Amino acid sequence: MAFSLARALERVRHRLPFGPSAAARRPADSRYRSIVETMSEGVVMQDATGRIQAWNDRALEMMAMTSAQMNGAEAATRNRVLYHADGSVMAPADIPIARTARTGEPCRDVVVGVSIPDGDTVWICVNTRALREGDRITGAVATMSDITERRRVEEARRVSEERFRAVSDVVGSVIFDHDLVTDTLYRSDALRSVFLWEDAQPTRAWWNERVHPDDAEHVSAVFDAAMRDPSASQLWTAEYRFRRGDGLYVTVSERGAILRAPDGAALRCIGTMIDVSAREELSAQLRQAQKMEAVGQLAGGIAHDFNNLLTAISCNVELLLDEIPVTDAHRDDVVQIREAAARAAALTRQLLAFSRRQVLQPTSLDLNATVGNMDRLLRRVLSADVQLHTALHAAVPPVYADAGQMEQVLMNLVLNARDAMHAGGTILVGTAPLQLDAPLAHRFGVVPAGEYVALSVKDAGSGIHSDVLGRLFEPFFTTKAHGKGTGLGLATVHGIVAQSSGHIVVDTTVGKGTTFTVYLPVARSRTTPPASVPVAPALVPALVSAVRESATSSSRTVLVVDDEPAVRDVTMRAIVRAGYRVIGASRGADALTLLAREPERMPILLLTDIMMPEMNGHELATAVEQRYPYVHIACMSGFSSEEIARHGLAAHARRLLHKPFTLPDLVAFIDDAFSTSAAAA
């Protein structure tokens, strides 16, 4: 077609005189002119001076020009602006037909934009050829195809592809498009930015090689099942482990679909792959937290029951010791019972610490002072081949925590570090102020942004394996030999830290050591509750005698209400021994009946357990306040103040005797309750 067109134009050229005067033209060969006029392409011809001498109607249509405008125009630029394909303005010398007429070199498929009077732009594809007479260039001819619609479609596709790529690159998941016919695979930029692959090959085989070997069969089975399904909308989902560019396997979720031809043949496979390892980790943390909460509730409930039993044991032992002479041979047996009860109470406190239900007495605390006070004791529990060093920041702000509990945290962490270093080494205890401007995510949760003091214990031991790390703070879980550990040390640490509004982070490398870092919030303005001072057992007889003398003259009465008979009985006997008049009830309704029989305005103290069936201690205290406002109210409980508050029973727990208590605790508490109430009156 191109050869015939060139011959036709050459024939027309030889039959047309060059020059601006149309009247001077000789009639052209009608056969060749007919060919030119019926072509779908536009045709123009210019002479060596740049003047257009011939054209067809299609050229006029494309250029939106009349014959009068076209006649003699220079390179068809009269009243028109021409553009390169990139939208820049085309200089007259770059116009394809002018360039060919000047150089003799043809132009192939040059895209040119032509502005037309209605403000639109027509895009044409131009091919040119020089006209010669011997070696002399006499002009050039150009054919033009209108590609406006094609360019519009290509531009729309380009914009769509750019939008697709932009979206696929920012969503954080790999978007893939696998051409099943050519076996070429497109992946979005997330394969580089998220999965760290810089040199990925565009084949499915390369992808499959990065699937974890244990998951490869499952992934292939899911893909093959989708390929066999003739449904054009068949979707599949698969979760598997995929190796990143840094060698780490992460869990991914892949969703895809097969695009098919009308006959059902599979053409393309498109879909997404997203890293869900963070979701899996959060899900594991949630399951762990739920498990720990369930175990904590169980431990707290058991500890509460133990507290009742230990209260009965401890008080009965104190009463018995009060009656046994120092010279009695059986006194040592009773002392052993008391010491065993004390150890059981300590174990109960550990259970409560783990379950975050222990009683805390928080104060504004200097962690540097805590470490300093513990230094000698810590060194005493370390073996000769373990060295203890401290790195204490000079200006750490105070935290709001229980001093005794923080000492227990430090002791447990140091002992844990000691046991991790079988061949000896160095333990480094440090403190430092820390400002977190953004939340800090770690294996066991998230440390919120804020101002903290960090207490760290670092060892150079064996490190913690990943299969152990997830169970690190579980109660009764230990990797130590039988009889070497209870599995409550780190669980207790976790419970104390959590109840102190803190967080604990673990950094470990197998074979290189572990660092436990406790983050405690910096103390703000708080009112520190008065700390209770325990009474030494040796002072009990003198204290009981003093209280007995005071109580007899004042005829003070204590109403003990507890649904546990053993606790109620020993408490009442201990109070009688202290010289008070005592009455008791197992239910709230019975207590109200007893108060109704008491002489009005007599000094009476209601000592009630908080957690009771039917009518709890809070409800009983409320009823007593309404009916007998002169009665003093105090509570006792095996639960912590936080647990009582969670049950909505904190209104009357301001004066609270915690179980398990000893006889000295009980006597001092009752005396203080009467004294404080009398002073307030």
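The model is a predicted one, and residue numbers count from 1 along each chain as its sequence is written.

Aromatic rings come up first. The count of aromatic pairs comes to 7. One of them brings together Phe176 and Trp207, whose rings sit edge-to-face, with 5.4 Å from centre to centre and 70 degrees between the planes. Phe176 belongs to strand β7 (residues 173-179) and Trp207 to helix α8 (residues 204-209), so this pair ties together parts that lie 31 residues apart in sequence. Both Phe176 and Trp207 are buried. The two rings are also members of a cluster, in which ring pairs link Phe176 and Trp207 with Phe195 and Phe242.

Tyr628 and Tyr630 make up another pair. Their ring centres are 6.4 Å apart, which falls within the 6.5 Å cut-off for a pair. The planes meet at 75 degrees, and since anything over 60 counts as edge-to-face, that is the label this pair gets. As for burial, Tyr628 has a relative accessibility of 14% and therefore counts as buried, the limit being under 20%. Tyr630, with a relative accessible area of 16%, is buried too.

Over at Trp123, it is Arg151 that lies over the face of the ring, at 3.7 Å from the centre.

Next comes the sheet. It is an open one, built from 5 strands that pair in parallel and follow the order β22-β21-β23-β24-β25. At its edges stand β22 (581-585) and β25 (656-658); each has a single partner strand, so one side of each is left without a neighbour in the sheet. On average, and with direction ignored, neighbouring strands here are turned by 20 degrees against each other.

Inside the sheet, strand β23 (residues 604-609) runs parallel to strand β24 (residues 632-637), and 5 bridges join the two. Leu607 has Ala634 of β24 standing opposite. Helix α17 (residues 565-577) packs on this sheet and touches β21 (557-561), β22 and β23.

Conventions:
Predicted model: local features only at pLDDT ≥ 70, side-chain atom pairs only at ≥ 80, totals over all residues. Heavy atoms only, no water. Phe/Tyr/Trp six-rings, centres within 6.5 Å; stacked < 30°, edge-to-face > 60°. Helix = DSSP H or I, 4+ residues; strand = E, 2+ residues; numbered from the N terminus. Buried < 20%, exposed > 50% of the residue type's maximum accessible area, 1.4 Å probe, protein only. Lys NZ or Arg CZ within 6 Å of the ring centre and 35° of its normal. Pairing = 2+ DSSP bridges. Axes fitted to C-alpha atoms, helices over the stretch in contact; angles between N-to-C directions. Contact = heavy atoms within 4.5 Å.
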